[in-house]
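Hello,

The structure we spoke about is below. My notes on it follow.

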Amino acid sequence: MGFRKKNKSPPVLSHEFVIQNHADMVSCVAMIILLGLMFEVQFVFLFICMLSDERAEQVNLYQYGPKDIATVFFYLLIAVILHALIQEYILDKMNRRLHLSKTKHSKFNESGQLAAFYLLSFIWGCSILTAEEFATNPTFLWEGYPHTHMVFQVKFFYICQIAYWLHALPELYFQKVRKEDIPRQLYYICLYVFHITGAYILNLHRLGLVLLVPHYLVELLFHASRLFYFSDENKQKGFTLWALLFVIARLLTLTLSVLTFGFGLPRAENQGFSLAKGNFNVLTIRMTCLAAICLTQAWMMWKFINFQLKKWREHSQSQASKKKAFSPKSKPHKKDLARGSANGVVKSDDKTSPRARKAKAS
C-alpha cells in the first residue's frame with residue numbers, strides 16, 4: 001500500500017507563501033485595527049472614520065487632509081480582502097465550469113472583478129448625484145468654487161475609489177498576472193489614480209463625480225459583455241451597444257470639461273491660487289487639467305478605433321473563409337476546363353458529329 005505524497009507548504013515569507021496567503025495576512029492587519037476600537041485607541045479612528053482638519057459648524061461637511069492617507073490605507077486592505085472573496089467564491093467556481101484557456105482565464109478574472117466594482121460604483125454614484133442634484137444644473141460644477149466642503153457620501157466615495165485603484169497595484173502580483181498584460185493594466189490603473197486623486201485634491205469633486213458615473217456605466221457594459229462572450233461566443237450584441245455608448249461618453253466628457261475649465265471657472269468670483277483656501281483657479285492649472293482630460297480621451301479613442309478595426313478584420317477574414325468553404329458547385333474548376341479541351345480545341349458536349357449537325361441544319 002503506497003503512501004500519499006503530501007504537498008509541501010512553501011517557505012514562510014516566500015513569494016508563493018505571500019501569494020497564497022495574502023488575503024489572510026491582510027485580514028489580520030485589518031482585525032488588529034478593528035480591535036483597537038474595543039480599547040478606544042484614539043489613533044485607530046484615523047484609519048476607519050472620515051476625518052478632516054476642519055469641519056463646518058451645524059452641518060456635517062468634510063474637507064480632505066493628510067489624515068485621509070490612513071483611511072485610504074485601511075480601505076485598501078478591505079478592498080484586497082473583498083477581491084480575494086470574489087475571486088475564490090465566485091470567479092474560480094465559474095472558471096471550473098467554463099474550462100477556459102489561460103489567456104481567457106486571466107481576462108475573465110479581470111472582467112469579473114471590474115464588473116463588480118463598476119456596478120457598485122455606478123449605483124453609488126447615481127445615488128449621490130440624485131441626492132446632491134449635481135447633474136440637474138451644469139452650473140453647479142463651477143459655481144461657488146472652490147468646493148472645499150463635501151458631504152459624507154461624497155468624501156467616502158472618493159476615499160473608496162482611491163483605495164480600490166491603489167489596491168489594484170499589488171493585485172498584479174497576488175493574481176500572478178501575465179507579463180504581457182501588466183503594462184496594459186498599469187496604464188489604466190495609473191490613469192484612474194491620477195484623475196480621481198487630482199479631482200479630489202483640486203476640489204473638483206463635483207466634476208469628477210459627474211464624469212465618473214457615465215464612464216463607469218460604459219465600462220460595466222464592456223466587461224459584462226466580455227463575460228457573456230466567454231461563456232458563449234455567439235453573444236456579441238453587448239459590444240455593439242458598448243461601442244455606441246463609448247463614443248457618447250467621450251463626447252460628454254469633453255463637453256463638460258470644456259464648459260467647466262474654459263467657460264465656467266474663468267468667470268467664477270474666486271480667482272487665484274491659495275493652498276490654505278483650497279483655491280486652484282488659475283489659468284495654468286485650468287489648462288493643465290483640460291489638456292490631461294483631452295489627451296486621455298484621445299488615447300482612449302485611439303485604442304477604441306484600433307480595437308474596432310481589429311474586430312472588423314477578423315470578421316471579414318472569417319466571412320471570406322466561409323465563402324470559400326461553401327462555394328457553389330456549379331462553377332467549373334480548372335481541372336474540368338482542362339478535360340474539356342485538347343490541343344486548344346474545345347470539345348462539344350453534344351454527341352452528334354459536325355457533319356450530322358450540318359445535315360440537320362440544312
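Helices (H or I, at least four residues) and strands (E, at least two) are DSSP runs, numbered from the N terminus. This is a predicted model, in which local features need pLDDT of at least 70, side-chain atom pairs count only at pLDDT 80 or more, and totals for chains, interfaces and linings use all residues. Residues are numbered from 1 along each chain as its sequence is written, and side-chain values use heavy atoms, with hydrogens and water left out.

Two of the segments that the unreviewed UniProt entry annotates as "transmembrane region" are 209–229 and 241–263; such annotations may be inferred rather than shown by experiment. Residues 209–229 are 100% helix and 0% strand, with the end C-alpha atoms 30 Å apart. Residues 241–263 are also 100% helix and 0% strand, and their end C-alpha atoms are 32 Å apart.

Aromatic pairs (Phe, Tyr and six-membered Trp rings with centres within 6.5 Å; planes under 30 degrees apart are stacked, over 60 edge-to-face, the rest tilted) number 33. Phe117 and Tyr164 are stacked, at 3.8 Å centre to centre and 5 degrees between the planes. Phe117 is in helix H4 (residues 102–132) and Tyr164 in helix H5 (residues 152–174), so the pair ties together parts 47 residues apart in sequence. Trp242 and Phe307 are edge-to-face, at 5.7 Å and 85 degrees. This pair links helix H8 (residues 237–264) with helix H9, 65 residues apart. Trp242 is buried (under 20% relative accessible area; exposed is over 50%, partly exposed in between; 1.4 Å probe, protein chains only), at 7%, whereas Phe307 is partly exposed at 29%.

Regards
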